[in-house]
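Please look over the sequence and the model shown here before reading on. The paragraphs after it go through a few local features in turn.

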Amino acid sequence: MELENGTRVQKFILLGFGVGQQERFLLLVFFGILYVVTLAENITIITLVVLDTHLSRLPMYILLGNFSWLEICYVSTTAPRMLFDLASPYGIISFSDCFLQFYLLFSFGATENFFLSAMALDRYLAICHPLHYPQLMTQESCYNLVVACWISGFMGYVVPVIMMSRMSFCGPNVIDHFLCDPGPILALACPPLGVTPMVFQICANVLILGNVLFAVLSYTVVILTLLKPSFEGKRRKAFSTISFHIVVVTLFYGSVAGMYLAPDGENQREIAKAITLFYTSATPFLNPMIYCLRNDQVKEALRRVSKRKLTVWMRKVAL
C-alpha cells in the first residue's frame, strides 16, 4: 500500500469515461434518470410482494422480491459514485472507499449468481416435481434459501479483497476505469504480485462457472420435461415463464463471462468499461421489466393493491 518513495497510498484517481464536459453532462443526465427508474421498478416489485397476500406466499415471488432488493443494492454500489464523478472534475476516491466498493460490488454480484441458481432450482422443482413442490419449497425453506444466498455471496470474495488490500502499490495511483475494478487495481500493484491474482481468479471462476453450470443444467432438464407429451396443455404457459428467467441469466452471465473468464489482455479498456457499465447499470434496469412485463400474476397483484389503496383513500375522503 506504499509508493516507491515510501509514502502510503491514501487515494486513487478514477479516470472515468475520458470524455469532454458536454458529454459528461449528457452521461450524468442519462445515468441519473436510469438510476432513478431502476430504483422505482425494483421498489415497485418489492412493494407488490410485501402488500399482496397472494404473491407474498409464493416461493417464486419471495425470491423475486429479494432479488429486486439485491438489484437496488447492486446498482447503488456504483451508480451514485459514478454520478458524483461525472458531476465533479476529479474522480478522487479514498483507498478504503475503493476497496469497500470493490468488495460490495463483487459480493452483490456473487449473491446475484446464487439467486439466479435459486430461481432455477425453484422452476425445476415446480415443473419437474409438481406433486412434491409444495413440500419441498415451503415458505420456511424458501427463506432459508434466501439467507444462504446472501451469506454465500458475501463470503465468496472476503479472502481476495483482504489479500489485495494488503498489497504494495508503486504508483501512479490512477485507475483507468469509472469504478474500483480488480484488473486496474492489480495493474498498479508492485511486483511480485504473488498468488493474489490467482486466488481472485479461482474464486471468480468457481462462483461464476459453478452457478452457470447449475442454472444451465436446471433449465435444460426443465425444457426437456416440458417437451414430453404429458405437458402439451401446460407447455406454452410454462415456456413463457422460464423464457424470462433464461433471458435474465443470459444477460447477466454473458456480460460477466466476457469480463472475468477471458484471459488477461483480450479486452481493450474502453470495451471493458462498456461491458462493466452494461452489467452494473443496464441489467438492473432491464431485469424487472423482463420478469414482470408479461407476468399476469404481477399485473393482477398490481390491480388488487391499487384497488385496495384506492378504497382506503376514498373511505378517508368520505370521513
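Predicted model: local features only at pLDDT ≥ 70, side-chain atom pairs only at ≥ 80, totals over all residues.

Residues are numbered from 1 along each chain as its sequence is written, and side-chain values use heavy atoms, with hydrogens and water left out.

Begin with strand E1, residues 11-14. Helices (H or I, at least four residues) and strands (E, at least two) are DSSP runs, numbered from the N terminus. In a regular strand the side chains alternate between the two faces of the sheet. In E1, Phe12 and Leu14 form the covered face, whereas Lys11 and Ile13 form the uncovered one. Two strands pair if DSSP finds at least two bridges between them. E1 runs antiparallel to strand E2 (residues 92-94), with three bridges joining them; here Ile13 has Ile92 as its bridge partner. E1 is also joined to E3 by two bridges, and these two strands run parallel. The bridge partner of Leu14 in E3 is Ile175.

Next come the cysteines. The structure holds one disulfide, that is, a pair of cysteine sulfur atoms within 2.5 Å. It joins Cys98 to Cys180, with an S to S distance of 2.0 Å. The angle about the S-S bond is -125 degrees, and the link of Cys98 and Cys180 is left-handed. Cys142 is in no disulfide, and the nearest cysteine sulfur, that of Cys149, is 9.1 Å away. Cys142 is buried too, at 0% relative accessibility.

Last is helix H10, residues 269-292, which has 24 residues. H10 bends by about 45 degrees at Ala282, and Pro284 follows within four residues; the bend is the angle between axes fitted to the seven residues ending at a residue and the seven starting there.

Asn287 lies in H10 and is buried, with a relative accessible area of 1%. Leaving aside neighbours within four places in sequence, Asn287 is in contact (heavy atoms within 4.5 Å) with Phe67, Glu71, Glu112 and Val248.

Technical notes:
Expected span 1.5 Å × (residues − 1). Buried < 20%, exposed > 50% of the residue type's maximum accessible area, 1.4 Å probe, protein only.
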